[in-house]
Amino acid sequence: MSSTYVESQMKESLQDHSLVQLVDHALCQAFRLKDPKYSRLQGCLVVFTPEGIVIQGDLTPCQNGVISCPGYGVNWFAGDLSEDYLCSKFLTKEFVPELAIRYFKEGLFEKRRLSGVHPPEGLIKSHQCITSAQAREALDNLRDWTLDGLGANEFYHLYQDTFDTGPDAGYGYNRGDAGWLCAIQQKFSELYQ
């Protein structure tokens, strides 16, 4: 997985954006982040209130924009923030199959390294149960191995059956929403400074 949520096309789409302050009041500050060539297209409004930060407009994370946890303002948002920290203030973690697969594979490799034990029968592969022999073969060819269609509940039970404990991973931020949030914040910070 990439060390950043921001994809190159996200940065490129914000390249020509400018930041214009629309409201400067003790209780509210509002900024328009947009490309000067357009009115609203690919732009967003970033509003700072005593109750949190609101990002809304044509270009936003999530379908209808996002609202931060209370207590964060313009100086915080314009700062040098780590992407996961920023996301934790705006987004909710959800089951991310790619993270679950990576976490599960790492656990299998570690279990195999420590004890030589292979996954139990019933390991899910492409919606079907496979035998221990097939699981061993899958472990030997992990780059071809997937947990296609695996939901959060199934992942939890599969992990618990395999490792005799519940998983503490497999959840993360939607990569697209996190990418746009981080790209907007980074561009805002660059222009605000």
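**View 1. The hairpin between β3 and β4.** In this predicted model, a hairpin of 2 residues joins β3 to β4. The two strands are paired in the antiparallel sense over 6 bridges. Across this pairing, Val46 stands opposite Ile55 in β4. Strand β3 covers residues 44-49, and strand β4 covers residues 52-57.

**View 2. Pairing of β4 with β5.** β4 and β5 pair in the antiparallel sense, here over 2 bridges. Val54 of the pairing stands opposite Ile67 in β5. Ile55 has Val66 as its bridge partner in β5, and Ile55 in β4 also has Val46 opposite. In a regular strand the side chains alternate between the two faces of the sheet.

**View 3. A nonpolar surface patch at Val20.** Val20, Leu22 and Val23 make up a nonpolar patch on the surface, and together they have about 220 Å² of accessible area.

**View 4. Gln29 and Asp24.** Gln29 lies in strand β2, which runs over residues 29-34. The side chain of Gln29 makes a polar contact with the side chain of Asp24 at 3.4 Å. Gln29 has a relative accessibility of 19% and therefore counts as buried, the cut-off for buried being under 20%.

**View 5. The largest nonpolar core.** This core contains 31 residues, of which Ile53, Ile55, Phe77 and Phe90 touch the most other members. The elements giving two or more residues to the core are α1, β2, β3, β4, α2 (74-77), α3 (83-90) and α7. Helix α7 gives the most, with 7 residues. Ile55, one of the residues with the most contacts to other members, is also the bridge partner of Val66 in β5.

**View 6. Two salt bridges at Lys37.** The side chains of Lys37 and Asp16 meet in a salt bridge, at 3.7 Å from N to O. This pair links distant parts of the chain, 21 residues apart: Lys37 is in the loop between β2 and β3, and Asp16 is in the loop between α1 (8-14) and β1. Lys37 also meets Asp35 in a salt bridge between side chains, at 3.3 Å from N to O. Asp16 counts as partly exposed, at 46%. Asp35 counts as buried, at 8%.

**View 7. A salt bridge within helix α7.** The structure as a whole has 3 salt bridges, and one of them joins Glu190 to Lys187, with the closest N and O atoms 3.3 Å apart. The two residues are 3 residues apart in helix α7, which means that about one helical turn separates them. Glu190 counts as exposed, with 51% relative accessibility, whereas Lys187 is buried, with a relative accessible area of 10%. Elsewhere in the model, salt bridges that share partners join Asp16, Asp35 and Lys37 into one network.

View 8. Asn174 is placed in the loop between β9 (171-172) and α7 (175-192). The side chain of Asn174 reaches the backbone nitrogen of Gly176 at 3.0 Å. With a relative accessibility of 29%, Asn174 counts as partly exposed. Asn174 and Cys87 are 87 residues apart in sequence, while their C-alpha atoms are 9.8 Å apart in space.

Notes:
Residues are numbered from 1 along each chain as its sequence is written. This is a predicted model: local features need pLDDT of at least 70, side-chain atom pairs count only at pLDDT 80 or more; totals for chains, interfaces and linings use all residues. Side-chain values use heavy atoms; hydrogens and water are left out. Helices (H or I, at least four residues) and strands (E, at least two) are DSSP runs, numbered from the N terminus. Buried means under 20% relative accessible area, exposed over 50%, partly exposed in between (1.4 Å probe, protein chains only). A polar contact is a pair of N or O atoms within 3.5 Å; within protein, one must be able to donate a hydrogen and the other to accept it, and residues adjacent in sequence count only if both atoms are side-chain atoms. Patches are made of residues with over 30% relative accessible area and no salt bridge: like charges are joined within 9 Å, nonpolar side chains (Val, Leu, Ile, Met, Phe, Trp, Tyr) within 5 Å. Accessible areas come from the Shrake-Rupley method with a 1.4 Å probe; for residues, only the protein chains shown count as cover. A salt bridge is a side-chain nitrogen of Lys or Arg within 4 Å of a carboxyl oxygen of Asp or Glu. Two strands pair if DSSP finds at least two bridges between them. A nonpolar core is a set of buried Ala, Val, Leu, Ile, Met, Phe, Trp, Tyr and Cys residues joined through side-chain atoms within 4.5 Å.
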